[in-house]
Structures are given as structure tokens and as C-alpha cells.
Amino acid sequence: MTRPAAVALAVCIAVLLVLPWIIGNEFYINMATQVLIYALFALSINMMLGYGGMVSLGHASYLGIAGYACILATIAGYDQLTAAIFAVTLSTAAAAFFGVLSLRAPGLGFIMITLALGQIVWGVAYRANDLTGGDNGIRHPARPMPFGFDIRDAASFYYFTLVVFAVALFFIWRFSRSPFGASLMGARDQPRRMRMLGHNVWLVRLITFVMAGFWGSVASVLYVYYNLFLSPHAISLQQSAEILLMAILGGASSLTGPIVGAAIITLIKNVVSTYVERWNTLLGVIFVVVIVFMPYGLVPGCKQLWMRLRSRKDKAAATVVTEPAR
């Protein structure tokens, strides 16, 4: 890690740690918590999109499977930890099954299968009134108390979410820098060459699909703990599309891009919408402008812009130095 990157990381950590004291307002602390949860969703789908080139329109299905499993297990009398482990395990197993089905078709077929699977989960949640409450939704009894700590207030739950997010970010970062991550990017760019080199491209993609489902399931449990409520609207196609747009808007080719995209879309959806009636239009305009002028996303685009400005500045300085004195 370079020195500027280390300094930027240290500043981000310091800001995140003192954010509740900086903000003060409970509403905006809750917004920060939502940003972290959706950032984890975006990071999980980016494991498939940015590193594997797999576009999924059914990522919100993990929110449905893990969310409803967590709530129903808690209502059934199991403790919070057991319910959370059961929910994440069940949802990850479903991701493995979905991956086996989806990876049978490449390209557009893969997208359509993930879309269909997501709609199946949504349809079950919508129709199974006795189990999920149908369109009325279902409530989670209460937030957990990990190691005896009370996380019912906004600031405490923010720190709980921040810890989970930091752990997930570390593992996803290690994933992106690992030999397996390199083989995944090779399977994305040159699948035939990777097969000739002896790599099982299908298995590499399947493992990535399952890992993305696992971290999406963890984010789903956090979502349920935050809202204490879940309905079919939360697992609709719109939710999957928003999670996908978060990764694309910020920059799917970078680790920080999905986080930036999640922050922008979450703030527009929850804060700007109170002042602008047609906030969907505003979001669409932002997305179009970014894609036109920064086709790789905001973070890579800003990085390229900074490098161009710095290069011009260095050239100008070199011209002044080499200019002969008169």
C-alpha cells in the first residue's frame, strides 16, 4: 500500500469512528448505518460483477431468504445467534443452488435466470401469507445483544454495523488480491485460455457466486436487524436493480466504487427525496452523466481525471524548467 493510500485509509477510519459525534442527529446516524448495509450489498454483488463479469438481477433474493429465515427462527424461539447463523447458512446454500442453475447459461441467459430466481423468491414471499405475512410483511421481535452489548439505539447499532462491515471489507479485499481473485479475473477476460491452462472456470465462478451470496446474506441479516421488519417490497426487482446500480455507479472495477455508489443512491433515496419530488429522475440523470463521461464509474473516473490534471501540471512545470533563459 502506498503512503497516500495509507493516509487516506487512516482518515476514513477516523471519520467513521467519530461520525456519530460529528453528525449528532439520530436520523443521519441511521442514514450512515443504511449506507454501510447497502455498501455491503453492493460489495457482495461486485464480487460477481466487477471481478467475475457476471451480472445478476436477483441479488435481493438473499435478502428474502436470509431475512425471513432469521425472523421466523427467532419467532420460533431460537436465540438470536442461532437464528442468524441458520439464516446465513440457508441463504448461502440457496446461493449455491442458484449458482448451479444460473451458470448453465452464459451472458444474457445468466442474467435472465438470476432475474427469474429472484422473482420466484419474491412470489413465494408475496403469496405465502401464513408464513411471511404476504404484502403486510412480518416484524422481527427485537435487535440482538451481542456479547451483552445493547445495540438498540442508533449510535450503538451504527458501530455494530461498522464492525461487521469492516470484517467483510477486509475479507473481500483479500479475495480481490488473492490468487483465486486473479483466476476469477482471468476467467472473466480470457475464459478459453484459462481452461487451456487447466483452470476449472465453471467452478471458479460458482465459488464466487456462493461467496457473493454469503456476504449478501450477512447484509440481509443486518437489514432485518436495522428495520425490524421485512416485506416482499424489500426483495423486489427494484431492490436488485438498485444494488446493481450502486456497484456500477461507483465503479465496479474498484473496491471503493460500490461503497461510493451505495452512499450516493442511499442518500438520494432517503434524504434528497424529501426535497425533490422526482428524485428517481434526478438519480437517472446522475447515472447517465456518469456513464457518458466516466464509463468505468465515479471512482475510476475521478482517479483518471486526477492523473490527467497531474500529468498536465508536471508537463507544464517541465516546460518552464527546460525553457532557455533570455
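These legends go with a set of close-up views of a predicted model. Local features need pLDDT of at least 70 and side-chain atom pairs pLDDT 80 or more, while totals for chains, interfaces and linings use all residues. Residues count from 1 along each chain as its sequence is written, and side-chain values use heavy atoms, with hydrogens and water left out.

**View A. Lys-269 and Glu-242 pair up in a salt bridge.** A salt bridge here is a side-chain nitrogen of Lys or Arg within 4 Å of a carboxyl oxygen of Asp or Glu. The closest N and O atoms of Lys-269 and Glu-242 sit 2.9 Å apart. Lys-269 belongs to helix α12 (residues 257–270) and Glu-242 to helix α11 (residues 237–250), so the pair ties together parts 27 residues apart in sequence. Helices are DSSP runs (H or I, at least four residues), strands too (E, at least two), numbered from the N terminus. Glu-242 is buried at 8% relative accessibility, whereas Lys-269 is partly exposed at 28%. Buried means under 20% relative accessible area, exposed over 50%, and partly exposed in between (1.4 Å probe, protein chains only).

**View B. Asp-150 and Arg-152 form another of the 3 salt bridges in the structure.** Their N to O distance is 2.8 Å. Arg-152 is exposed at 59%, while Asp-150 is partly exposed at 32%.

**View C. Phe-147 has a positive phi.** The angle is near 55°, and this residue isn't a glycine. Most residues other than glycine have a negative phi. Phe-147 lies in the loop between β1 (138–139) and α7 (154–177), and its relative accessibility of 84% makes it exposed.
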